[in-house]
Amino acid sequence: MSSATAAATATPANLEQKLYGVLPWRRTKRGEIKVLLVAPRGGEHWSLPSGLPGNDRTPRQTAMSEAFEKAGVVGHLDAGPIGSYSSQAAAPSPCVVEIYRLKVRGTLTNWPASTRCKRRWFRLDDAIQVVSNAGLKQLLASIGGNETPFGADRKAA
């Protein structure tokens, strides 16, 4: 089968790209969980920081890099992903975004994408309301009723 034929008969699942991102979170002094969302400057398409992996970066390295570059946050990243969702908007073709939990330890005043991206802390319930991607809403809702992902800190790398 030629490569042109293979591309023409490929299923959408075969064409999905894999992106990696983070769910940045923190606990307020009152014990409330807040999550950080990002959006393009001038837009209201709130989502989680995510991106395509580099040639020599692992999924975790990609997730940490996206947190730093797009949201200007650093912290402790869990060893494994907490879930994933499908997205049409995050890349030129359909993709799956694998999400890691990031306990934020520091927020930068100036970060690499600060001129292109804005960020905002939301209560988890509010974050579920403002994101437009149905898969991301579902992922956030699945952890919304269960604070276990934000409970006692799991071992993070």
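Helices (H or I, at least four residues) and strands (E, at least two) are DSSP runs, numbered from the N terminus. Met64 lies in one of these elements, helix α3. The structure described here is a predicted model, in which local features need pLDDT of at least 70 and side-chain atom pairs count only at pLDDT 80 or more, while totals for chains, interfaces and linings use all residues. Residues are numbered from 1 along each chain as its sequence is written, and side-chain values use heavy atoms, with hydrogens and water left out.

**Overall layout and confidence**

The chain has five helices and seven strands, which follow one another along the sequence in the pattern α-α-β-β-β-α-β-β-β-β-α-α. A contact is defined by heavy atoms within 4.5 Å, and among contacts between residues at least 6 apart in sequence, 68% join residues at least 24 apart.

The predictor's confidence in each residue is given as pLDDT, from 0 to 100. Its mean over the chain is 84, and 79% of the residues reach 70 or more. Confidence is lowest in helix α1 (residues 3-9), at a mean of 38, and highest in β4, at 97. Over residues 1-13 the pLDDT is below 50, and this stretch has three contacts in the model beyond near neighbours in sequence. Residues 152-157 also have pLDDT under 50, and for them the model has 16 contacts beyond four places in sequence.

**Helix α3**

Helix α3 (residues 59-71) has 13 residues and reaches 17 Å from its first C-alpha to its last, close to the 18 Å expected at 1.5 Å a residue; the expected span is 1.5 Å times one less than the number of residues. Its buried residues are Thr62, Ala63, Ser65, Glu66, Ala67 and Ala71, and what covers them includes β1 (17-27), β2 (33-40) and β4 (73-77). Met64 and Gly75 are eleven residues apart in sequence and 8.5 Å apart in space, C-alpha to C-alpha. Just after α3, Gly72 takes a positive phi of about 65°.

| Residue | Relative accessible area | Class |
|---|---|---|
| Cys95 | 1% | buried |
| Arg101 | 3% | buried |
| Cys117 | 12% | buried |
| Met64 | 30% | partly exposed |

The structure holds zero disulfides, a disulfide being a pair of cysteine sulfur atoms within 2.5 Å. Arg101 is found in strand β6, and a polar contact of 2.9 Å joins the side chains of Arg101 and Asp78. A polar contact is a pair of N or O atoms within 3.5 Å; within protein, one must be able to donate a hydrogen and the other to accept it, and residues adjacent in sequence count only if both atoms are side-chain atoms.

**Nonpolar cores**

A nonpolar core is a set of buried Ala, Val, Leu, Ile, Met, Phe, Trp, Tyr and Cys residues joined through side-chain atoms within 4.5 Å. Of the 22 residues in the largest such core, Leu23, Val35, Leu37, Ile99, Leu136 and Leu140 touch the most other members. The elements that give two or more residues to this core are β1, β2, β6, α4 (124-130) and α5 (134-144). Apart from this core lies another, of 13 residues, among them Val22, Ala71, Tyr100 and Val104.

Terms used:
Buried < 20%, exposed > 50% of the residue type's maximum accessible area, 1.4 Å probe, protein only.
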